[in-house]
Amino acid sequence: MSPRIFNYLQRGVHLDLGRDVFPHLVKSERFYAYPSAEYLKDMGSPDRLAAVEADVLSGKVKLHHRRNSRPAVFLDRDGVLCHHVDFLRDLGGLVLFDDVPAALSKLNRSDFLAIVITNQPVVARGWADEAQVREIHKKMETQLGRSGARFDAIYFCPHHPDKGFPGEDMTYKITCECRKPSDGMIQEAKRFFNIDLSRSYVVGDTWRDIGVGRTAGLKKCLGVKNAVGRVGEFRDQIPDKIFLNLAEAVDFILEDSKLDVHSNSVSATAIQHEGHKGGH
């Protein structure tokens, strides 16, 4: 930060940067921010400093650098994270499943990115605007944040190609690349976060979720069946495995991904052995 920040600090007064200083900075200074899934940890105490040092020595900090590709778990919203409500458009209708905070926290502690991809045709139908959808997502993130869980990103598609609904917004009545089962949202996340799709998963409750995973070439496409009224909508897109809820799916993903680590280790050992054998 520029030394000009001292102009915003009162001598002898305890201030919090996020709550007390930054809100004033953005009004009069050039202030920059960017979303990132890279390593970030407060190390303002001896215990936290020791934890950061351990993460540096273990290679975790380097692993999470954006230059290194990482796997992701792509999550549908309605029916996976929260109870399904037809065309959810108000904050009061958002009710998270009880298992979601703990399941998401497990993903956060792993090497997986946790990314939401959701179709939200309420915008195209004219029943809500994009700002209202974002407010619902803010509420969801706030509730999960109280449990120490987080998403690395949320992507939503506001489009719907079918016309003829009262009050519809024709701006969004298009055939797009982001509406599932098209994989535009996954490809956008891949470019931004440098995601290894071959080691990634999708968890959903309809054929669109399974279809987008297969379109993108993900490792496995998983279904959940805890959403009343949505079971059986997989049609001809049968999930690789079906679970009761997100918690079961996450446990499977974390166990299944261990096979990749073992396989890569065995392959590296074999390559080294062949290299010595051949004199290379």
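## Largest pocket

By class, 6 nonpolar, 4 polar and 7 charged residues make up the lining of the largest pocket, in what is a predicted model. This pocket has a volume of about 610 Å³, and of the 17 residues that line the pocket, those closest to its centre are E38, Y39, L40, K41 and R150.

## Enclosed cavity

The structure also holds 1 cavity of 30 Å³ or more, and the volume of the largest cavity is about 100 Å³. Among the 13 residues lining this cavity, A37, E38, H64, R66 and F193 are the closest to its centre. Sorted by class, the cavity lining comprises 6 nonpolar, 4 polar and 3 charged residues.

## The parallel sheet

An open sheet is built from 6 strands with parallel pairing, and their order across the sheet is β3-β2-β1-β4-β5-β6. At the edges stand β3 and β6 (241–243), each of which pairs on one side only. Direction ignored, neighbouring strands of the sheet are turned by 25° against each other on average. As a general point, strands of a sheet pair through backbone hydrogen bonds, in either a parallel or an antiparallel manner.

Strand β4 (residues 201–204) has β1 and β5 as its neighbours in the strand order. On one side, 3 bridges join β4 to strand β1 (residues 72–75), the two running parallel, and here L75 stands opposite V203 in β4. On the other, 4 bridges join β4 to strand β5 (residues 220–224), again in parallel; within this pairing V202 stands opposite C221 in β5, while G204 has G223 as its bridge partner in β5.

In a regular strand, side chains alternate between the two faces of the sheet. What covers the two faces of β4 can be read from its residues: Y201 and V203 on one side, and V202 and G204 on the other, are all buried, so that both faces are covered.

## Helices on and around the sheet

Helix α7 (residues 207–216) packs on the sheet, where it touches β2, β4 and β5, and its direction makes about 170° with that of β5. Helix α5 (residues 130–145) lies across β2 (113–119) and β3, running at about 150° to β3.

Helix α4 (residues 100–109) is mostly covered, with 7 of its 10 residues buried. The buried residues of α4 are V100, P101, A103, L104, S105, L107 and N108. In an α-helix there are 3.6 residues a turn, so residues three or four places apart point the same way.

## A buried lysine

Leaving aside neighbours within four places in sequence, K180 is in contact with D76, I117, T118, N119, M185, R208, D209 and V212. Of these contacts, I117, T118 and N119 fall within β2 (113–119), whereas R208, D209 and V212 belong to helix α7 (residues 207–216).

Conventions:
Residues are numbered from 1 along each chain as its sequence is written. This is a predicted model: local features need pLDDT of at least 70, side-chain atom pairs count only at pLDDT 80 or more; totals for chains, interfaces and linings use all residues. Side-chain values use heavy atoms; hydrogens and water are left out. Buried means under 20% relative accessible area, exposed over 50%, partly exposed in between (1.4 Å probe, protein chains only). Contact means heavy atoms within 4.5 Å. On a 1 Å grid over the protein atoms alone, a cavity is a set of points where a 1.4 Å probe fits but cannot get out, and a pocket is an open set with protein on both sides within 12 Å along at least five of seven lines; lining residues have an atom within 4 Å of a point. Grid points are joined across faces, edges and corners, and a volume is the space filled by probe spheres set on the points. Ala, Val, Leu, Ile, Met, Phe, Trp, Tyr, Cys and Pro count as nonpolar, Asp, Glu, Lys and Arg as charged, and the others, Gly among them, as polar. Two strands pair if DSSP finds at least two bridges between them. Axes are lines fitted to C-alpha atoms, for helices over the stretch in contact, and angles run from 0 to 180 degrees between N-to-C directions.
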